[in-house]
Amino acid sequence: MPHARGDFEQMWRDLAPVGRSAASGGYHRQPWTAAETELRSWFVEECAARGLTVETDGIGNQVAWWGDADLPGVLTGSHLDSVLDGGAYDGPLGVVSALAAVDVLRDRGFEPTRPVGIGVFVEEEGSRFGRACLGSRLVTGATTWDDARELRDRDGVFLADAIVDAGLDPSAGLLSLDRVGTFVELHVEQGRDLVDRGVPVGLASEIWPHGRWRFDFAGEANHAGTTRMEDRRDPMLTYAMTALAANKQARLAGQRATFGRVAVEPNGTNAVPSLVTAWLDARASSDAALADLVDAVARQGSDRAARDGTSLAVTPESVSGSVAFDADLAARLAALGDRPVIPTQAGHDAGILSAAGIPTAMVFVRNPTGVSHSPAEHAETADCLAGVEALADVLAELTGAGA
Ligand code: GLV
Ligand code: MN
Ligand code: MN
């Protein structure tokens, strides 16, 4: 399929420099920054080159429709933002593949009987404002604007101000999902399931429930030299023990617990800190197991705080319940190519739309190492092109005559 290969590779080359760190090779495509604004423009141009008009809502979510506007359609796409120092594929692969899949369908002479939409959701990673899938949450009503407007980034910038600074107008309203009959998100796999099975493409069965909790460990600032060890109220110790406890708890239960972000006050070398704030990312196979995991970590942290003379306050910042994708839809789409249907522990806009009652499926593309949320994230071009073909097959199945 020479046309699809050319389109895909050209788009990939065009995106490669945007937001890329020369030092690590990773990406910083935080929402409402210059890099992300450039990606939004790139998307408008790619759609225009295909004769498609992009609607951008007041916060930066985007959609372009191909086909009759009056019928329920099939939306495909993903996100363009990244985690801090992230990989190239998490998000953009789904957007580039959606555009390339439309090219494939047109090369095949396919005429959709229902519209095909290509969409981009903003702040999927929650890397700036801490709420995962913020764009799709706002669009579905899972998060209200009144709630979101209180969010601030690490520099204290309010969400609305960041959006306005990026040239958008939050009062202009949000994308309507009224036309979306089905959502299909293609994504690089973020584990080793497909590579271990030796297949390039799979479908998703479920997303583990997961979330982020802020742990504030408060103690007493004091001199690092003159304060006797037994006189200290050191929140760093309470944090350190809590991080070890979280790791042990999750390992014993076959769950996941990560402290990947820490802020220390005043962050001086020669002072006992006054405050350590750390963010727990926890994931488990059921909502009850996730609640138990977070409770157990918080309880062990509080017990240790009592011994250290410190205190611990735990605040949920982003919680996503378990998602079971439409099993009939997944089976139907998997049968198009005899593809495995596999679970994931990673969150996606697809999970938010599914939870909002929209029949939703995910197509995963093999990741040869399983590494993700890292500059080392990778997918082979041949597998990406297999993903494009698979997505084109899925869209043809869902929008062709008889769909
Ligand atoms: C998103 O990629 C997440 O699972 O955190
Ligand atoms: Mn991600
Ligand atoms: Mn993603």
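This is a predicted model: local features need pLDDT of at least 70, side-chain atom pairs count only at pLDDT 80 or more; totals for chains, interfaces and linings use all residues.

Residues are numbered from 1 along each chain as its sequence is written, chains are lettered from A and ligands numbered from 1 in the order in which they are written, and side-chain values use heavy atoms, with hydrogens and water left out.

**Exercise 1.** Determine the span of helix 9 and identify what covers its buried residues.

Step 1. Helices (H or I, at least four residues) and strands (E, at least two) are DSSP runs, numbered from the N terminus. Helix 9 comprises 22 residues, 287–308.

Step 2. From first to last C-alpha, helix 9 reaches 31 Å, close to the expected 32 Å; the expected span is 1.5 Å times one less than the number of residues.

Step 3. Buried means under 20% relative accessible area (1.4 Å probe, protein chains only). The buried residues of helix 9 include L290, L293, V294 and V297.

Step 4. Their cover includes helix 8 (235–253) and strands 7 (210–218), 9 (256–265), 11 (275–283) and 12 (311–320).

Step 5. Just after helix 9, G309 adopts a positive phi of about 75°.

**Exercise 2.** Classify the packing of helix 8 against helix 9.

Step 1. The two axes, lines fitted to C-alpha atoms over the stretch in contact, with angles from 0 to 180 degrees between N-to-C directions, come within 9 Å and cross at roughly 150°.

Step 2. Helix 8 is therefore roughly antiparallel to helix 9, the class for angles over 145 degrees.

Step 3. Contact means heavy atoms within 4.5 Å. Among the residues making it are M241, A245 and Q249 of helix 8 and L293, V297 and R304 of helix 9.

Step 4. The contact residues divide into nine nonpolar, five polar and two charged.

**Exercise 3.** Classify the packing of helix 10 against helix 12.

Step 1. The axes of helix 10 (327–335) and helix 12 (381–399) come within 10 Å and cross at roughly 120°.

Step 2. Helix 10 is therefore oblique to helix 12.

Step 3. L329, R332 and L333 of helix 10 meet V394, E397 and L398 of helix 12. These residues divide into four nonpolar, no polar and two charged.

**Exercise 4.** Is T399 buried or exposed?

Step 1. T399 lies in helix 12.

Step 2. Because its relative accessibility is 0%, T399 counts as buried.

Step 3. Neighbours within four places in sequence aside, T399 is in contact with V74, F110, P112, T113, R114, P115 and V116.

Note on methods: Buried means under 20% relative accessible area, exposed over 50%, partly exposed in between (1.4 Å probe, protein chains only). Angles under 35 degrees count as roughly parallel, over 145 as roughly antiparallel, 65 to 115 as roughly perpendicular and the rest as oblique. Ala, Val, Leu, Ile, Met, Phe, Trp, Tyr, Cys and Pro count as nonpolar, Asp, Glu, Lys and Arg as charged, and the others, Gly among them, as polar.
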